[in-house]
Amino acid sequence: MVARASLAETVGVVAGIVVPLVARGLIVRRPRMTALQQRLDVDARAVRRLQRLRRRYGPGPLRLRIPGRSMAVVLDAGDARRVLEESPVPFSPATREKTAALRHFQPHAVLITDPPQRPGRRALNERVLEPGRCHHLGEHFARVAGEEVDALLADAGEGAVVGHSELVPAYWRTVRRVVLGDGARDDTLVTDLLRSLRQDANWAYFKPRRDRVRARFDAELARHLARAEPRSLATLLPSDEVARGQVPHWLFAFDAAAIALVRATALLAAHPAELAAVQREADGGEREDGVPQHARAAVLEALRLWPTTPAVLREASEATRWATGTLPAGTSFFTYAPFLHRDDERLASANSYDPSLWFGRPAVGNWPFVPFSAGPAGCPGRELVLLVTGEFLSRLVAARGLEPVAVAGVREGAVLPGTLDPFRLRVRLTAPRTAPLAAV
Ligand code: HEM
């Protein structure tokens with residue numbers, strides 16, 4: 001029989017893991033709650049809680065005692081892999097909670113679409129985002145990231161202290177140019193309206209849809225899509241409603257990268273040898289698959305250590321068999337990414353910065369790491385986002401060194417914090433660097 005947690009243990013999982021995730025904001029982060037959870041190191045406690053449950057019940061899926069629902073926590077990387085690789089059937093990503101949340105701003109998104117419409121929407125995303133390879137517009141996108149870093153640094157003198165409030169607006173200018181074209185560079189309204197709808201999405205079914213805000217967002221987006229600017233993702237789209245309905249997800253998903261970017265600056269500031277490696281690579285113009293590898297690994301490490309999609313949810317459309325028994329149709333499977341990524345009972349460098357975990361390894365399929373989920377419903381934007389973000393980071397540190405100012409326990413040789421609030425991280429940009437002759 002599939003193991004079943006006691007009532008007290010179920011309450012522990014709900015109160016110690018699920019409630020903090022919801023309170024922090026599943027769709028857009030709430031800064032004050034994130035700061036509080038950093039103080040309590042909520043994610044590290046959550047990992048320890050799941051390790052205790054695995055020691056007690058073994059690695060099979062663990063059923064929780066939730067009235068009226070069949071819900072199981074996945075405690076083994078092999079089972080997580082199965083759930084993700086056997087998506088969307090029988091393990092559907094379009095769970096009740098996700099659908100309730102995302103319908104606020106992206107009712108046509110592939111993530112909340114079940115068969116028979118799913119394959120068409122997935123194919124459309126893959127055609128535009130080009131997973132598994134360097135995007136054919138990659139060179140242009142890299143140039144855009146470089147230009148936006150230059151614009152940011154033009155205003156940041158030697159010794160300037162930067163964090164989320166400086167880096168993220170510059171990153172969003174890059175994103176709007178990549179997704180919608182240069183004409184959207186300064187249109188903060190389109191991304192602000194999306195943010196407002198995402199704040200509603202945090203409340204899922206508990207907040208009614210705001211049709212007027214949605215209509216304003218759609219109109220603003222339509223204005224940009226109508227331009228179909230060459231060398232933007234928008235120009236690669238067919239013009240029907242469903243195709244255009246994928247764009248809100250793309251814009252929304254870049255937010256995770258913005259958070260990872262800020263955390264990566266803190267990681268590099270605290271690890272001078274790694275920072276120097278990223279700088280050397282940038283100076284030498286080295287690329288693998290179009291991306292600077294050390295910078296890519298820094299972003300991936302930020303995503304491994306502090307996954308931006310901590311809860312990977314699937315809902316089974318039929319009964320599923322496990323080594324320990326059968327779980328009924330309708331069971332929700334909860335994979336907690338920090339548990340797989342920071343499991344120090346299984347992984348020696350679980351709690352330290354280890355970019356070598358990513359060298360020469362794919363962003364998806366590098367088990368047990370699932371920052372982009374995995375399988376047929378895994379993130380199709382992963383290579384694209386790593387290119388844009390890796391390039392942004394690389395250009396930044398090619399131009400300036402980084403020193404830690406407020407990095408909340410991110411220290412070389414220390415156990416890195418389980419929860420890291422990106423909103424208060426600050427690093428100092430040192431004097432402009434001069435690239436060695438080789439790079440000129
Ligand atoms: C660091 C940034 C990103 C991270 C960590 C990330 C992570 C993820 C994860 C974990 C999923 C699966 C979600 C689930 O199963 O509930 C996902 C799905 C998806 N992502 Fe990303 N993503 C990122 C950026 C992007 C970008 C920039 C795009 C598009 C430009 C994108 C497009 C998508 C799409 C379309 C899906 C749905 C796939 C499907 O359901 O078949 N992502 N992403």
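Trainee: Why does Trp322 count as buried?

Mentor: This is a predicted model, and in it Trp322 has a relative accessibility of 9%. Buried means under 20%, so Trp322 counts as buried.

Trainee: How many aromatic pairs does the structure hold?

Mentor: There are seven aromatic pairs. One of them joins the rings of Phe91 and Trp322.

Trainee: Why is the pair of Phe91 and Trp322 called tilted?

Mentor: Take the distance, then the angle. The ring centres are 6.1 Å apart, and rings pair if their centres lie within 6.5 Å. The planes stand at 50 degrees; stacked would need under 30 and edge-to-face over 60. The pair is therefore tilted.

Trainee: What makes you say that this pair ties together parts that are apart in sequence?

Mentor: Look at where each ring sits. Phe91 belongs to strand E3, residues 91-92, and Trp322 to strand E6, residues 320-322. The pair therefore ties together parts 231 residues apart in sequence. Ring pairs also link Phe91 and Trp322 with Phe333 into a cluster.

Trainee: Why is the pair of Tyr171 and Phe392 edge-to-face?

Mentor: The centres of these two rings are 5.6 Å apart and their planes stand at 75 degrees. Edge-to-face asks for over 60 degrees, so this pair is edge-to-face. Tyr171 lies in helix H8 (residues 164-180) and Phe392 in helix H16, so the pair ties together parts that are 221 residues apart in sequence.

Trainee: Are Tyr171 and Phe392 buried or exposed?

Mentor: With 0% relative accessibility, Tyr171 counts as buried. Phe392 is buried too, its relative accessible area being 0%.

Trainee: How do you know that H16 is largely enclosed by the rest of the structure?

Mentor: Count its residues: 14 of the 18 are buried, so H16 is largely enclosed.

Trainee: What span does H16 reach, and what is expected?

Mentor: From its first C-alpha to its last, H16 reaches 26 Å, close to the 26 Å expected at 1.5 Å a residue.

Trainee: Now the ligand. Which protein atom is a donor of its iron atom?

Mentor: The only protein donor is SG of Cys379, at 2.3 Å. The cut-off for a donor here is 2.8 Å, and the value falls within it. Cys379 sits in the loop between helix H15 (337-341) and helix H16 (382-399).

Trainee: Which residues come nearest to the ligand?

Mentor: Of the 26 residues around it, Lys98, Arg118, Arg122, Arg314 and Cys379 come nearest.

Trainee: What classes of residue make up the shell, and where does its largest share come from?

Mentor: The shell has 15 nonpolar, seven polar and four charged residues. Helix H6 (118-129) and helix H12 (247-270) each supply at least two residues, and the largest share, six residues, comes from H12.

Trainee: Finally, why is Leu237 called buried?

Mentor: Its relative accessible area is 13%, against a cut-off of under 20%, so Leu237 is buried. Leu237 is found in the loop between helix H10 (211-227) and helix H11 (241-244).

Key. Residues are numbered from 1 along each chain as its sequence is written. This is a predicted model: local features need pLDDT of at least 70, side-chain atom pairs count only at pLDDT 80 or more; totals for chains, interfaces and linings use all residues. Side-chain values use heavy atoms; hydrogens and water are left out. A residue is near a molecule or strand if one of its heavy atoms lies within 4 Å of it. Helices (H or I, at least four residues) and strands (E, at least two) are DSSP runs, numbered from the N terminus. Ala, Val, Leu, Ile, Met, Phe, Trp, Tyr, Cys and Pro count as nonpolar, Asp, Glu, Lys and Arg as charged, and the others, Gly among them, as polar. Donors are N, O and S atoms within 2.8 Å of the metal (3.2 Å for Na, K and Ca); water is not among the atoms, so sites may look incomplete. The expected span of a helix is 1.5 Å times one less than its number of residues. Buried means under 20% relative accessible area, exposed over 50%, partly exposed in between (1.4 Å probe, protein chains only). Rings of Phe, Tyr and Trp (its six-membered ring) pair if their centres lie within 6.5 Å; planes under 30 degrees apart count as stacked, over 60 as edge-to-face and the rest as tilted.
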